[in-house]
Structure formats: C-alpha cells, structure tokens
Amino acid sequence: MIDIDRLADWMDGMGLPGKGDPINARFLSGGTQNEIYEITRGDERCVIRIPPAAAPSDRDQGILREWRIIEALDGTDVPHTRAIAACDDTSVLGRAFYLMGFVDGWSPMDHKKWPEPFRSDHELRPQLGYQLAEGIALLSKVDWRAQGLDDLGRPDGFHERQVDRWTSFFERIKGRELDGMDVATRWLQENRPIDYIPGIMHGDYQFANVMFHDGAPAQMAAIVDWEMGTVGDPKLDLAWMLQSWPEDTQSESASQASYVDLRGMPSRTQMMQHYADVSGRQVDDLDYYLVLAKWKLAIVLERGYQRAGDDHKLQSFGSIVPDLMRSAADLAESTDYRS
C-alpha cells in the first residue's frame with residue numbers, strides 16, 4: 001500500500017487541488033511491473049501508477065517514459081487519460097510515479113462478455129471495433145516532434161533493427177525449435193514496407209488496453225497502459241491489433257478468435273480501411289506488418305512460456321506460440337506482397 005501521508009505532502013507541494021483534505025486510496029489493479037490505485041481527495045478523483053517495491057529498478061525510468069507520452073497527448077484528438085503530475089524523486093514513495101485523470105468507463109478486460117447493451121445487441125458492436133481502429137489512427141497523426149518526443153525512441157532504422165533484435169532475443173531464451181520461424185525470419189529479412197512514416201506507437205494495442213465510456217453508441221474514453229510506448233512505426237500497432245482478427249466476423253468461430261467475442265464486429269478489411277481513412281496512411285503493405293506482428297508476438301510469448309514455472313497462464317502459451325509462428329510463416333509463403 002502507498003504511504004498516504006507522504007503522497008498528501010507531495011501533492012500539497014505540487015499545488016494540486018484538495019490541500020488539507022484526507023486522501024483515500026483504493027487498489028484497482030497491478031502485478032509485478034505496476035500497481036494502480038484510485039485516489040480520492042475531496043471532490044478530486046485521479047489514479048496513481050507506480051511500480052511495486054519489488055519491481056526492477058529500471059521500471060522507474062519506464063514509468064517516467066509512460067508519463068512523457070501521456071503528457072504529450074494532452075491537447076490532441078487521441079482518447080487518453082489526463083496528465084496531472086509526475087514524481088521522479090524516489091524518496092517520496094520509494095518509486096517514481098505519476099498521477100493521471102480517473103476514467104469513468106469500462107474496459108473489455110473487466111468483463112468475460114461484453115457489457116450491455118453490446119452483449120445482447122450485435123448491431124451496436126461494429127462501433128466498438130471502429131473506435132478501436134480510430135484510436136490508433138488518431139495516435140499515428142500526432143506530431144511527435146512538436147510534442148517534445150524527439151528523443152523517445154530510435155525511429156531511424158526501425159525496420160532494419162527488428163529482425164536482428166528479436167532473433168537475438170529468441171536465441172537468449174530459446175528452449176525449443178519453432179516450426180516456420182526460419183521461413184518467416186527470412187521473408188522479413190528480404191522485404192520491407194512500401195513506406196515508413198515514424199510516429200508514436202503504443203506497442204501492445206488491443207481491446208485489453210483501451211477503455212470505453214458507458215452506454216451506446218460505443219465511444220472510446222482512453223488508450224491506457226503505455227509500458228511499450230515509443231516512436232517507431234504506427235502501422236505495426238495496426239497489425240498487432242489485427243493479427244488474429246477474422247475477415248468473417250459473422251460466423252460462430254469469430255466468438256473464439258480472441259479473448260473477446262468478435263461476432264458482429266467489422267471485418268478485418270473494414271477495420272483496415274477505417275484506419276486508412278482516419279490516419280491518411282496507405283495499408284497496401286499490411287501483410288508485411290502482419291507477418292512481423294505474428295512473428296514478434298510468438299517470440300514475446302515464448303519468453304513467457306520458457307519462464308512459466310507453475311503459472312498456468314504462461315504454460316498455456318506453450319501451444320499458442322507454435323501456432324502463431326506457423327501462421328506467420330504461412331502468410332509469408334502465401335502473400336503476394338513483395339518489396
């Protein structure tokens with residue numbers, strides 16, 4: 001639990017609203033990397049995001065990196081949490097942290113099924129998908145240089161580094177051979193996207209990392225969880241979102257294509273087109289990004305599987321990873337895209 005008295009003193013020193021009022025903190029979520037608490041002080045509600053005491057020391061820099069992105073989004077059209085204040089002085093609460101606005105809404109991860117009215121009315125679901133695509137399209141349009149993020153990532157040579165970086169990573173954690181990895185890796189080495197326009201990317205963009213306002217029609221409230229945020233190629237976020245998205249979202253199988261029921265959603269093509277319309281970016285080379293996203297995700301999940309121990313969730317990656325890598329290889333072998 002966070003030290004309420006020390007937090008209050010810091011907030012007072014920052015001139016934040018509610019001086020003298022008691023603080024109430026309610027744990028919302030958290031794990032090994034971050035903890036999130038709702039902070040209530042008088043009429044003010046906000047959220048604190050802070051690494052737990054046992055998190056690696058580099059999480060403090062990670063938290064401040066997230067803060068820079070959230071702060072840079074203020075004043076843009078991107079749905080985001082309001083930036084309030086950040087603290088890099090670890091003597092205050094033991095770790096770096098930041099305060100952001102409280103989002104009054106819901107996350108798809110809060111529900112095993114869509115909340116009403118989206119659960120029972122499939123005709124309302126397309127807007128959930130279009131809002132998801134629109135969020136990342138709006139993010140791709142942010143002028144990252146003007147927002148002070150010139151040094152956030154390494155946009156130059158982004159695609160040239162991807163294969164070498166993640167192949168080396170796989171070799172460090174390798175515990176088994178993955179069928180199709182050689183095929184997908186070679187294809188990625190031989191091909192590149194049609195164009196590359198750097199922009200802010202989320203790094204793990206999906207329904208799990210967005211929130212919606214209550215009620216219909218669906219309206220995104222905020223993109224959240226910026227742990228992987230950087231300046232790179234925003235279209236990799238698009239592919240990350242679509243890599244398991246079915247073309248036929250009317251079939252029963254669409255209910256099992258993801259951790260959320262995708263029946264009634266826009267098709268993959270419709271999602272892709274909406275992104276293109278809003279972002280102004282061409283998507284003719286999406287297959288390149290889909291191969292890269294599937295290949296990269298397989299390697300990321302393989303790390304979890306190799307470290308699974310008694311964790312049943314990580315153990316389940318054991319069968320998911322080979323299917324994902326094989327899917328990357330199959331697309332590499334079947335696509336007409338070449339560059």
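Is Asp151 buried or exposed? Asp151 is exposed, with a relative accessible area of 57%. This is a predicted model, and the values that follow are computed from it.

**Salt bridges**

Asp151 has a charged partner. Asp151 forms a salt bridge with Arg68, and the closest N and O atoms are 2.8 Å apart. Asp151 sits in the loop between α4 (126–140) and α5 (158–173), while Arg68 belongs to helix α2 (residues 59–73), so the bridge ties together parts that are 83 residues apart in sequence. Arg68 is partly exposed, at a relative accessible area of 27%.

The whole structure holds 19 salt bridges. Another of them joins the side chains of Arg26 and Glu38. Here the N to O distance is 2.5 Å. Arg26 is in strand β1 (residues 23–30) and Glu38 in strand β2 (residues 35–41), so this pair ties together parts that are twelve residues apart in sequence. The two ends are set differently by accessibility class. Arg26 counts as partly exposed, at 47% relative accessibility. Glu38 is buried, with a relative accessible area of 6%.

| Pair | N to O distance |
|---|---|
| Arg26 and Glu38 | 2.5 Å |
| Asp151 and Arg68 | 2.8 Å |

**Asp225 and the backbone**

Asp225 is partly exposed, with a relative accessible area of 30%. The phi of Asp225 is near 60°, a positive value in a residue other than glycine. Most residues other than glycine have a negative phi, and most peptide bonds are trans.

Where are cis peptide bonds found? One runs from Glu116 to Pro117, with omega near 10°. Pro117 lies in the loop between β5 (97–101) and α4. Another cis bond runs from Ala216 to Pro217, with omega near 0°. Pro217 is in the loop between β7 (210–212) and β8 (220–223).

**Helix packing around α6**

Helix α6 (residues 181–190) packs on α9 at an angle of about 135°, and their axes are 10 Å apart. That makes α6 oblique to α9. The crossing of these two helices, α6 and α9, is left-handed. On the α6 side, the contact is made by Met181, Ala184, Thr185, Trp187 and Leu188. On the α9 side it is made by Asp287, Tyr288, Val291, Leu292, Trp295 and Ile299. By class, the contact of α6 with α9 has nine nonpolar residues, one polar and one charged.

Helix α6 also meets helix α11 (residues 317–334). Their axes come within 8 Å and cross at roughly 50°. The helices α6 and α11 are therefore oblique to each other. Again α6 passes α11 in a left-handed crossing. The α6 residues in this contact are Met181, Val183, Ala184 and Trp187. From α11 come Met325, Ala328, Ala329, Ala332 and Glu333. The contact of α6 with α11 has eight nonpolar residues, no polar ones and one charged.

Met181, Ala184 and Trp187 of α6 take part in both contacts.

**Gln162**

Which residues does Gln162 touch, leaving aside its neighbours within four places in sequence? Gln162 is in contact with Leu236, Leu292, Trp295 and Lys296. Among them, Leu292 and Trp295 also belong to the α9 side of the contact with α6. Gln162 itself has its place in helix α5. At 4% relative accessibility, Gln162 counts as buried.

Key: Residues are numbered from 1 along each chain as its sequence is written. This is a predicted model: local features need pLDDT of at least 70, side-chain atom pairs count only at pLDDT 80 or more; totals for chains, interfaces and linings use all residues. Side-chain values use heavy atoms; hydrogens and water are left out. A salt bridge is a side-chain nitrogen of Lys or Arg within 4 Å of a carboxyl oxygen of Asp or Glu. Helices (H or I, at least four residues) and strands (E, at least two) are DSSP runs, numbered from the N terminus. Buried means under 20% relative accessible area, exposed over 50%, partly exposed in between (1.4 Å probe, protein chains only). Axes are lines fitted to C-alpha atoms, for helices over the stretch in contact, and angles run from 0 to 180 degrees between N-to-C directions. Angles under 35 degrees count as roughly parallel, over 145 as roughly antiparallel, 65 to 115 as roughly perpendicular and the rest as oblique. A crossing is left-handed if the near helix is turned anticlockwise from the far one by less than a right angle, and right-handed if clockwise. Contact means heavy atoms within 4.5 Å. Ala, Val, Leu, Ile, Met, Phe, Trp, Tyr, Cys and Pro count as nonpolar, Asp, Glu, Lys and Arg as charged, and the others, Gly among them, as polar.
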